[in-house]
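Here is a short briefing on one protein model. Keep the structure open while you read.

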Amino acid sequence: MIINSLAKMSQIQLLFLPIIVLFLQLITPHGGSTNPKIQYPCQPPHHDSYPFCNTSLSTKSRAQSLVSLLTSDEKFQQLSNNASAVPRLGIPPYEWWSESLHGIAVNGPGVSFDGTIKSATGFPQVILTAASFNRSLWSAVASAIAVEAKAMFNVGQAGLTYWAPNINIFRDPRWGRGQETPGEDPMVTSAFAVAYVRAFQGQYDVAAERREEFRLGQRRKALMEEEEEEEEDGGKLKLSACCKHFTAYDLEKWGQFTRYNFNAVVTDQDMADTYQPPFKSCIQQGKASCLMCSYNAVNGIPVCADSGLLQKVRTEWNFQGYITSDCDAVATIYEDQKYSKTPEDAVAMALKAGTDINCGTYMSRHMKSVISKGKVLEKDLDRALLNLFSVQLRLGLFDGKPARNRFRGLGPQDVCSSEHKRLALEAALQGIVLLKNEHKILPLDKHGIYSLAVIGPLANSTELGGGYTGIPCNPKSILGGLKEYVNNVYHAKGCIDVSCNSTDSFSEALSVAKQADYVVVVAGLDLSQEEEDHDRYSLLLPGYQIKLVDAVASVSKRPLILVLTGGGPLDISFAVGDPRIGSILWIGYPGETGGAALSEIIFGHYNPGGRLPMTWYPESFTRVPMTDMHMRADATRNYPGRTYRFYNGDRVYPFGYGLSYTSFTYKLLSAPSELSLQGFVRARSQKNLLYQTRSGLDYVYVDELPYCDLLRFEVKISVTNEGDVGGSEVVLLFVKGLKHFEGSPERQLIGFDRVSLSSHTTAETSFLVDPCEHLSFADEHGNRILPIGDHIITSQDLEHVISVEL
């Protein structure tokens, strides 16, 4: 078998691929020129002499100058996503709302495909890209999307501010938007957020920074402080990314509850170690320039009106950017949450809490009345405008001549480029998960197959992108991909659509299945089953899909290949143990290259290595109320908990599961056996640092260990490919306590890496472990505690005990 040449590239090479492409595009003379029809502020001869046009001044000074020149009415009209022009100052209108979740999307008025650029590269939906567990790939995809965004901006078809990524935790398997997220684990979600935001905004060295963390050691804190001083105003931006939806948002419509009226009751413990970590990382490490507050309330207060939550991100997390509401989320404070008595009160609450701009017109329409009634002060309004204009200034919108923009050469030739389409294919290849492969039915030998039947309502569909998708460049269906490998391919839908509410079309499916040497059945979900504003009620395959698979399996000459689409977990227990179903592949929403990627895997041109970024639960889990936000299991009320960290029930497939066409073995090369906290605590009696649980177990508070970063250590593991086929292995490093503390996770991920290996070769990988971050968890008050005693580090079948002593 041949491993795709792109798969052989090192993670470092993959990370820098879009950067190299961008460099070549910038120095190539045929690059597209900036559209003369685009309006820019600070244009001569009448509007270039204002202080806010002076690039030698600080961002803060320029923003303050701009705000000081605005009239009250002009200020009000800046509070909508569609900010109005200020003609007398030469400031054109600006649309803040564009979307770029996994490619430039049609959602949001900031993007238009009605122009020179008719399409954009359709990368896999986030949940599938996350299944690659490859930071370098995540960065490369975000960087490529950014290139296309800048190219579209240069021809007047997109803005510079994008509301992505979605970094909510995939807490409940029924959530319709779980597909948009990196999965259920806070550590993976945090890592994805940092990789995406830094690359999208123009900071490319995510992987390099990670490798340097351990080497820097004691110098790291000082270097970070120096960097903060150099970037006091946040620094220049290529584009602006937005971390959404802050916070504890993961319900669309379930029973009488909707995202607009839902009050998420969340404990301090769960908030600290599940819901908030991705947002904290996105802001502190990713340096995101935008945060979106969500529709829902948290513990009785609508998030966009919660000053405690919104101010924390600025005062404690050092957020330097703007806060936008989700669309009409300011209106829902009054209309759906009933938290305010009047629309004016809702607007005042949101503004004073820290919401700077409203997606929609609610704030701009009511602000004049709010000001006149004295519900907010002019300084509250000015503070919001300073945040907004500061981001626009960092984006270079007020720097005068477009010729100064180093990305001005990007144009139509940089969208849907061959490099980006190859990267989209690589992302799909790395994410697809092999769930079952009995008797090694896969890969198939195309030379030994005369005919193939491809069955399923999505088999011939090119709409495989999932939510927040644009117009893809050259989408290929699963059927189209497989036809390139086998001459005689028979196709039948089996079901009219994914809902599969009738068996009327079964006969045609059975007929083609009987004729073929091998059968591929494409089942699963599409956006009719799960999407924004639409949660699921069942984890089973929709309608009669199970009966279709069973009927086809009963007439197939050989065990069939089951391909599953969709972003949410499925209970396919019926297929796991059925010998008539030889192989199962989960392809998520693979984007425009999904058909090609699946074919390469089925016919052995690529060895699958993706791992599930979420637990697959049995249908019985649907008895758990979707509205219950608790993560920890509670036996007193028969509550099983959520995600692999706390769930104690049966699983169809566990988090991190995935097979390969080859086999890998692990060997622990180095890790400490003991870790002493002595000398790394505050200068007072160490005896006073020890605390005990009710059951007598010892622990210390992390915030009383200010020098804990000096205790960081490496865990080194070697991985050997024992088979005759090259492939990549996702190495997952977990930790669990030898003694179970009340509220502690069953286990938690503390590191991951993707290692590519030729057959019969060995490679090493290492993980930097921070005891205060990785060996701790949140107590019931939200304070992180570090248990004293034995901690077990695990990876595949490796186990190593590290004793933490004071």
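A nonpolar core here is a set of buried Ala, Val, Leu, Ile, Met, Phe, Trp, Tyr and Cys residues joined through side-chain atoms within 4.5 Å. Buried means under 20% relative accessible area. The model is predicted. By these terms, its largest nonpolar core has 217 residues.

**Nonpolar cores**

- Five residues have the most contacts inside the largest core: Met367, Leu562, Leu564, Trp586 and Trp616.
- Helix 5, residues 135-154, gives the most to this core, with 13 residues.
- A second core is separate and has 31 residues. Phe713, Val715, Ile750 and Leu757 are among them.
- As a general rule, nonpolar side chains in soluble globular proteins tend to be buried together.
- What does Trp616 touch, not counting residues up to four places away in sequence? Its partners include Leu564 and Trp586, which are also listed among the residues with the most contacts in the core.
- Trp616 also touches Leu435, Pro569, Leu570 and Ile572. Arg651, Val652 and Tyr653 complete its list of partners.

**Overall build**

- The protein has 23 helices and 28 strands.
- Its radius of gyration is 27 Å, close to the 28 Å that the globule rule gives for 806 residues, so the protein is as compact as a globular protein of that length.
- Along the principal axes, the C-alpha atoms fill a box of roughly 75 × 70 × 55 Å.
- Of the 806 residues, 62% count as buried.
- Take the contacts between residues at least 6 apart in sequence: 78% of these join residues at least 24 apart.
- The protein exposes about 30000 Å². Carbon and sulfur atoms supply 49% of that area.

**Helix 15**

- Helix 15 runs over residues 378-394 and has 17 residues.
- At 1.5 Å a residue it should span 24 Å, and its end C-alpha atoms are 24 Å apart, so the two values agree.
- Is helix 15 mostly covered or mostly uncovered? It is mostly covered, with 13 of its 17 residues buried.
- Gly396 follows helix 15 and has a positive phi, near 85 degrees.

**Cis peptide bonds**

- The peptide bond from Pro44 to Pro45 is cis, with omega near 5 degrees. Pro45 is in the loop between helix 1 (11-27) and helix 2 (59-68).
- Another cis peptide bond joins Lys244 and His245, with omega about 0 degrees. His245 lies in strand 3, residues 242-246.

- Cys42 is not a glycine, yet its phi is positive, about 60 degrees. Like Pro45, Cys42 is found in the loop between helix 1 and helix 2.
- Cys42 counts as buried because its relative accessibility is 3%, and the cut-off is under 20%.
- Asn318 also has a positive phi of about 60 degrees without being a glycine. It is in the loop between helix 11 (307-315) and strand 10 (322-325).
- Is Asn318 buried or partly exposed? Asn318 is partly exposed, because its relative accessible area is 41% and that class lies between 20% and 50%.

**Thr258**

- Thr258 lies in strand 5, residues 257-258.
- Thr258 counts as buried because its relative accessibility is 17%, and the cut-off is under 20%.
- Leaving aside neighbours within four places in sequence, Thr258 is in contact with Leu251, Glu252 and Lys253.

Definitions and conventions
Residues are numbered from 1 along each chain as its sequence is written. This is a predicted model: local features need pLDDT of at least 70, side-chain atom pairs count only at pLDDT 80 or more; totals for chains, interfaces and linings use all residues. Side-chain values use heavy atoms; hydrogens and water are left out. Buried means under 20% relative accessible area, exposed over 50%, partly exposed in between (1.4 Å probe, protein chains only). Helices (H or I, at least four residues) and strands (E, at least two) are DSSP runs, numbered from the N terminus. Contact means heavy atoms within 4.5 Å. The expected span of a helix is 1.5 Å times one less than its number of residues. The radius of gyration is taken over C-alpha atoms; the globule rule is 2.2 Å times the number of residues to the power 0.38. Accessible areas come from the Shrake-Rupley method with a 1.4 Å probe; for residues, only the protein chains shown count as cover.
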